[in-house]
Amino acid sequence: MNLPRRGDRVVPHQRSTASGDSCSPAEPWWVFRGPSDLPEPPPWRRFPAARRSPGSQRYLMNADEIAVVNAALHLRRPLLVTGRPGTGKSSLARALAEDLRLGEVLRWSVNSRSTLLDALYRYDAVGRLREASLQRERETPSGPARRLKRRGAQSPDIGNYLRLGPLGTALAATGEPRVLLIDELDKSDLDLPNDLLVVLEEGEFEIPELARLPEHQQSADVLVTGSRERIRVQRGLVACEQFPIVVMTSNGERDFPPAFLRRCVRLDLRDPDEAKLRDIVRLNLGEAALAEADDLISEFLRKAAVQSLATDQLLAAVHLRVTGADLTREELLSSVMHRLDEAFPS
């Protein structure tokens, strides 16, 4: 297939209209109202069944950045990754998990309403109370026999109503450590970083709902994040065997307290230069795609110097071009390479 050249448009023989006229496209790029088969997704949009094998995550870093990551691993300290949106901060956690073969990344996406408890565990007290009420209603005896049966009735297993959050699951992991991504920490309430201090320093926390129970009931098998697996919690205390690999990201929208920063290893991801952008395109889309991307890379660098752009916007533009997008260069730029720091492109 001849690839569309920059600035050219491949026009279908007929286009769909608001009145519902049929369309006979000249190119297979026209899927919606084409009709044509749904194409393969780009490499970075392939989900669990079609993901690349472990160890194949395509993530580029220079030697200095790799050294900082290794420092955090050796010190067992959280890695605080800063940089502009789109520099690959969140992707670093997945690259670490794949490179070290540590399974799926646990993710906690932070917003202004997030609390530490959200990340540690959730207790469905209402659900447990409802189940206890249903158990009592199912009792059929009346009079003294009913009262005796109620007195000896067991409450529903509390472990069925507890689920560890992403941070709680990471701390409770046995064997190999888990990788935990705490994404966009700078969007949190002012107190959240300080609330994290003790847990990140001590590597443990208590579940009061378990600790308050009689001693013989303080052990429970509780659910974890991301699966139906359970972990035994003894006497209400969750304590890590190995400190998890914690990657925290920040877009630089606020400062963090010194006490918090002291407990982190900081990595600042710089905006990619032309050489790195070319490597990113080559690794994700191939050498042939790179040959079609020169003007898009130049335009990306020009725009990124004065406004917020993400690297995957460049990849999206190149992918559309090499797969035969029926878009002019200007339409391509306005549709996928638009600025991220305003509601609508100007």
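## Cavity, pocket and cysteines

Helix 7, residues 192-202, contributes three residues to the lining of the second largest cavity, the most of any contributor. The model is predicted, and a search of the whole structure finds two cavities of 30 Å³ or more.

The second largest cavity holds about 30 Å³ of space. Its lining is made up of Arg77, Pro78, Leu197, Leu200, Glu201, Phe260, Arg263 and Cys264. By class, five of these residues are nonpolar and three are charged, while no polar residue takes part.

The second largest pocket has a volume of about 380 Å³. Its lining comprises 16 residues, and those nearest the centre of the pocket are Trp29, Pro39, Glu40, His319 and Thr323.

Cysteines form a separate topic. The structure holds zero disulfides.

| Residue | Relative accessible area | Class |
|---|---|---|
| Cys240 | 22% | partly exposed |
| Cys264 | 14% | buried |

Cys264 counts as buried because its relative accessible area of 14% is under the 20% cut-off. Cys240 counts as partly exposed because its value of 22% falls between the limits of 20% and 50%. Cys264 is also one of the residues that line the second largest cavity.

Notes. Residues are numbered from 1 along each chain as its sequence is written. This is a predicted model: local features need pLDDT of at least 70, side-chain atom pairs count only at pLDDT 80 or more; totals for chains, interfaces and linings use all residues. Side-chain values use heavy atoms; hydrogens and water are left out. On a 1 Å grid over the protein atoms alone, a cavity is a set of points where a 1.4 Å probe fits but cannot get out, and a pocket is an open set with protein on both sides within 12 Å along at least five of seven lines; lining residues have an atom within 4 Å of a point. Grid points are joined across faces, edges and corners, and a volume is the space filled by probe spheres set on the points. Helices (H or I, at least four residues) and strands (E, at least two) are DSSP runs, numbered from the N terminus. Ala, Val, Leu, Ile, Met, Phe, Trp, Tyr, Cys and Pro count as nonpolar, Asp, Glu, Lys and Arg as charged, and the others, Gly among them, as polar. A disulfide is a pair of cysteine sulfur atoms within 2.5 Å. Buried means under 20% relative accessible area, exposed over 50%, partly exposed in between (1.4 Å probe, protein chains only).
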